[in-house]
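Work through the exercises below with the model open. Each task is followed by a stepwise solution.

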Amino acid sequence: MAEDKTYPMTEEGQVKLEHELEDLKINQRPEIINRIKIARSYGDLSENSEYESAKNEQSLLENRIKTVEHMLQYAEIIDSDQIDATEVSVGKVVTFKELPDEEPESYTIVGAAEADPMEGKISNDSPIAKGLIGHHIDEEVDISIPAGSMKVKILKVENA
């Protein structure tokens, strides 16, 4: 039997997923069930677009519930306070610059469930995060990215 994947995440990410799961089960699921009930009352289901739409939404919702439950079951909470202050890891903000002379960039490395690039939160599964994790301040690191590779220098690491 294959091992189940763990999902590294911060405590904040775990809480966010727990709230999402609660919303999916308590608010969204009953709403969709009610829409299915109303659509059934219209009669013939074979040509009932409201019924089909609600059933499709229910399927997507149930899949999301299963995914979130699985992620929470196999969550690996990363406490960045327990990791060397100069080491890049999940739950830390890392500032680096692409060599030789690019501008510094800062990202918070989070678990895949928490990733939000528009907020500067990148997944630990992303090529940049994979290349940086485990390295320390002042190290120069070669990172493999889809477009080839890039060399960066880690300037700063701090807890998120």
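**Exercise 1.** Find the partner of Glu 69 in a salt bridge and state where both residues lie.

Solution. Step 1: Glu 69 pairs with Lys 25, and their closest N and O atoms are 2.7 Å apart. A salt bridge here is a side-chain nitrogen of Lys or Arg within 4 Å of a carboxyl oxygen of Asp or Glu. Step 2: Glu 69 belongs to helix H2 and Lys 25 to helix H1, 44 residues apart. Helices are DSSP runs of H or I with at least four residues, strands are E runs of at least two, and both are numbered from the N terminus. Step 3: the relative accessible area is 32% for Glu 69 and 33% for Lys 25. Both values fall between the limits for buried (under 20%) and exposed (over 50%), with a 1.4 Å probe and protein chains only, so the term is partly exposed.

The model is predicted: local features need pLDDT of at least 70 and side-chain atom pairs 80 or more, while totals for chains, interfaces and linings use all residues. Residues count from 1 along each chain as its sequence is written, and side-chain values use heavy atoms, without hydrogens or water.

**Exercise 2.** Describe how H1 and H2 pack.

Solution. Step 1: H1 (residues 11-40) and H2 (residues 49-73) make an angle of about 160°, with axes 9 Å apart. Axes are lines fitted to C-alpha atoms over the stretch in contact, and angles run from 0 to 180 degrees between N-to-C directions. Step 2: the two helices are therefore roughly antiparallel (over 145 degrees; under 35 is roughly parallel, 65 to 115 roughly perpendicular, the rest oblique).
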